[in-house]
Each structure stands twice: as C-alpha cells, then as structure tokens.
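Please look over the sequence and the model shown here before reading on.

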Amino acid sequence: MRPGTLDFDQQMMRRALELAARGIAQVSPGPLVGCVIVAEAGEIVGEGYYHYERVRHAETLALEQAGSRAAGATAYVSLEPHAHYGRTPPCTSALINAGIRRVVAPIQDPNPLVSSKGFMHLRQARIEVSIGLLADEATRLNEKYIHFMQTGRPFVHLKLAISVDGRIATRTGDARWITGEEARARVHELRHEYDAILIGARTAQVDDPLLTERSGRGRRRPLVRVVLDEHLALSPGSQLARTTGEAPVIIFTSEHADPGKVAGLQERGVEVIQGAGGSRNLAAVLDHLSQRSLQSVLIEGGGRVAGAFLDARLVDKASFFIAPIIIGGSDATPAVGGTGAATIAEALHLHDTEIRHHGHDIEITGYPKAVTSDE
Ligand SMILES: NC(=O)c1ccc[n+]([C@@H]2O[C@H](COP(=O)([O-])OP(=O)(O)OC[C@H]3O[C@@H](n4cnc5c(N)ncnc54)[C@H](OP(=O)(O)O)[C@@H]3O)[C@@H](O)[C@H]2O)c1
C-alpha cells in the first residue's frame, strides 16, 4: 500500500496518534503531537513525538530521522503544524525545506497563534494538504489542550468509585475500598494524564489521602494536589501537608480563615489561597489553576464537591467506577450531592460513553451535557 489510499493513510495517522500519546504527562500545557514521514513507496522513514523538555517538535524529530528521504514524502501529523516562532522555529518551514510533498493532519490547532496559519503556509509553498482524517480520535486525544485553548480554563474530569446503589461511602464515612485493585490501578493511569487533582474538605479529613500518582510512569511536572476547604480544617499533620516536598498542595479557603491555622499549614509548605470567593467560587478556583498553566484537573470527590461542580456545569468529563456492592443506608454519602435536577428531563446525560471492565467493576466514562428541548 502507498500513501494516498484511505486505508494506508488511516494506518499512518493512527501511528501518529499513538506516537503523540507518548507525550502524555510530558507536554502540558502544550499539545500532544506525533508525526510519521512516509516515502513515496510506502516506507516509514521518520517518526517523532513532542516532548516538552526535548524542545524540538514532532515534525522536526521525524524529519531529522528521515534526512534526505523526506524529499517527495508524505508527513502525517496529529495536529496542524505551527507556522510561528515560539520556543522553536516554525515546523511548516522545516516541512517545506525538507521537500515534503503532502501533509495529512486531522484537525486545526485551536491556538489562535497557529490556527489555520500552518495549513495556509504549507499550501502557499504548493504542498498538498489533507485535513480531517481521524478528526474525532485526534480531538479526543488533545481534549484537554483544546478545551484549555478555547475556554482559558482547565479541563475538568470527575471520577468517583460508587456502589450499585450510588453511594461513595458508608454511613460512617468508610470508603476503602469500594472498587477492586484493577479499577484502582486504572485510577493511577488517569491521574497520570492530569495536571492537578482536587478534593473536598471532608474527603481530606475522613480519608487523609496522599493523592500522589503511582502509575510508575514519568511526568514533567508534579501532580498538584488541591483541597477546597472553606473552614481550613486540614491538619498540618495530614498526609497532604506532610508531603509538600513530593508534590505541591494548594488549599482554597475563606479570607476569614484562622491566621494561626494558615501559618501552621504554610510552615509545612502548603499554599493557602484566600479571597475571591474562597473555595465556594468554583469558576475562580479554576481560573486560578489556569493562571498556573494547569491544563487539566481530576476531581476525586467527595459527593458534595462533585455536586457543586456538576450544578455549576463545570464538569467536562465524568468517570463512574461501579462496584457490584450495595452499601445502603439513608445516611451513606451519595455520589453526587448539590442541588441536582428537579425533573428527569433536567438530568445531565453522559454522551459518547465508553464502558470498560476492571475485574468485577465497571467503568462508565462520558461527557455530561444538559439535553435541550431541540435535541
Ligand atoms: N468512593 C469515592 O470515589 C470517594 C471519593 C472521595 C470521597 N469519598 C468519601 O466521601 C465522603 C466525603 O464526601 P462528602 O460529600 O461528605 O464531602 P466532600 O465533597 O469531600 O467535602 C465537602 C466539603 O468540602 C467543603 N467545600 C469547600 N468548598 C466547597 C464547594 N465549592 N463545594 C462543595 N464543598 C465545598 C465543604 O466544607 P467546608 O465548608 O468546611 O469547607 C463541604 O462540606 C468521605 O466519607 C470519603 O471517604 C469517596
């Protein structure tokens, strides 16, 4: 098979997406990008993916590997190549100078500095440009980057482990462990994809969690741990406060929080953010995180925090890990607190759901959306 046939092009674009995914936890707040260079006869002559610390872009790395074989070749790039001077010179110039004949890319870069300018630059140099192949897969892969670029806010993913009767803890607050080992290993994989992890004050108190990532894979920046704690209840002796040397801890709290408590936590290296609505103003919390270039946040409960984010329509993606156990009890913590829907018609629907099995547990992941009357 040769470049230009649909099957071949799809296969190469899948490879470019696979390469791009190797940059997970290495590129934020930048995009994941993979590139494959294929000579006219169909042979792969160069591959590369973006890795922030290596500075050079996927296209440059792939072109370096290809050398003179790039002349007349097709470049499969998982995102529009950029045409501006950033940390590196324009990738479009590198593709043009190498003599690339055709560029295949699934989607435009949402970054206003780059968007459509890369394709324009390539076309001006008479390079054939094909856009749209595996666009859904490419969009999904870079959903955090795209959301961050388009909204200026981090992408928010809610994750909860629940019983079949929709509880996240028993009436005494016990939640360890609702799901089995396989599901918990998957959660560490999820943590690996995120820049920050966020919980509510009660979860911090009851569970005393560490909230570090234990996927065993490297990351460019440590996972930032965030607690919403209006009354500043977190103890300086908690696991979070004792491990600020390993990964940062940020607490959002009221401007009226006890100065003695603030000082005690600060001594431990905890960053205490007061004012601008404290922990209650979720939009301000997200804006603060985006100012620190945190592109994505994984919310790990509890139920009240989950409800507050869902009520505010600030959850972009949700994963429920459902264990085949029944907790029962009117006082057991519900998975989602807050105000919720008044009628079933107002309930949020999960779109584009994916279902996976982890041992005895079932993961349902989707994108929550309100259903409007025209749908
Ligand atoms: N199965 C699971 O996946 C899972 C995950 C996490 C937790 N849990 C369990 O769930 C229980 C805790 O859940 P929970 O619902 O009781 O509490 P939570 O959501 O962890 O924390 C709620 C508290 O966070 C504080 N808070 C600060 N800002 C907030 C905001 N904007 N919105 C909402 N809350 C805010 C409030 O206390 P202040 O006013 O004092 O700040 C609030 O009472 C624990 O038993 C824990 O073990 C289970």
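Across the interface of domain 1 and domain 2, four salt bridges are found, a salt bridge being a side-chain nitrogen of Lys or Arg within 4 Å of a carboxyl oxygen of Asp or Glu. The residues on the side of domain 1 that touches domain 2 comprise four nonpolar, three polar and four charged ones, where Ala, Val, Leu, Ile, Met, Phe, Trp, Tyr, Cys and Pro count as nonpolar, Asp, Glu, Lys and Arg as charged, and the others, Gly among them, as polar. The model is a predicted one, in which local features need pLDDT of at least 70 and side-chain atom pairs count only at pLDDT 80 or more, while totals for chains, interfaces and linings use all residues. Residues are numbered from 1 along each chain as its sequence is written, and side-chain values use heavy atoms, with hydrogens and water left out.

The two domains are domain 1 (6–144) and domain 2 (154–370), with bounds that come from an automatic or database domain assignment. Their centres, taken over C-alpha atoms, are separated by 35 Å. In the interface, 11 residues of domain 1 are in contact with 16 residues of domain 2, contact meaning heavy atoms within 4.5 Å. The size of an interface is often given as the accessible area lost when the parts come together. Between domain 1 and domain 2 the buried area is about 1,300 Å², and carbon and sulfur atoms give 46% of it; this area is what two parts lose in accessible area (1.4 Å probe) on being put together, summed over both. Aspartate 352 forms a salt bridge with arginine 140, and the closest N and O atoms of this pair are 3.8 Å apart.

Glutamate 143 belongs to helix α6 (residues 143–151), helices being DSSP runs of H or I with at least four residues and strands runs of E with at least two, numbered from the N terminus. Glutamate 143 counts as buried at 10% relative accessibility, since buried means under 20% relative accessible area, exposed over 50%, and partly exposed in between (1.4 Å probe, protein chains only). When neighbours within four places in sequence are left aside, glutamate 143 is in contact with Phe155, Lys317 and Tyr367.

Helix α2 (residues 58–66) has Ala58, Glu59, Leu61, Ala62, Leu63 and Ala66 as its buried residues. These buried residues pack against β1, β2 (44–49), β3 (74–77) and α3 (91–97). After α2 comes glycine 67, with a positive phi near 55°.

Aspartate 208 is another, its phi being about 45°; aspartate 208 lies in the loop between α8 (201–207) and β8 (224–228) and is partly exposed, with a relative accessible area of 26%.

Cis peptide bonds also deserve a look. The bond from serine 28 to proline 29 is cis, with omega near 10°, and proline 29 lies in the loop between α1 (6–21) and β1 (34–38). Glycine 301 and glycine 302 are likewise joined by a cis peptide bond, with omega about 0°, and glycine 302 is placed in the loop between β11 (296–299) and α12 (303–311).
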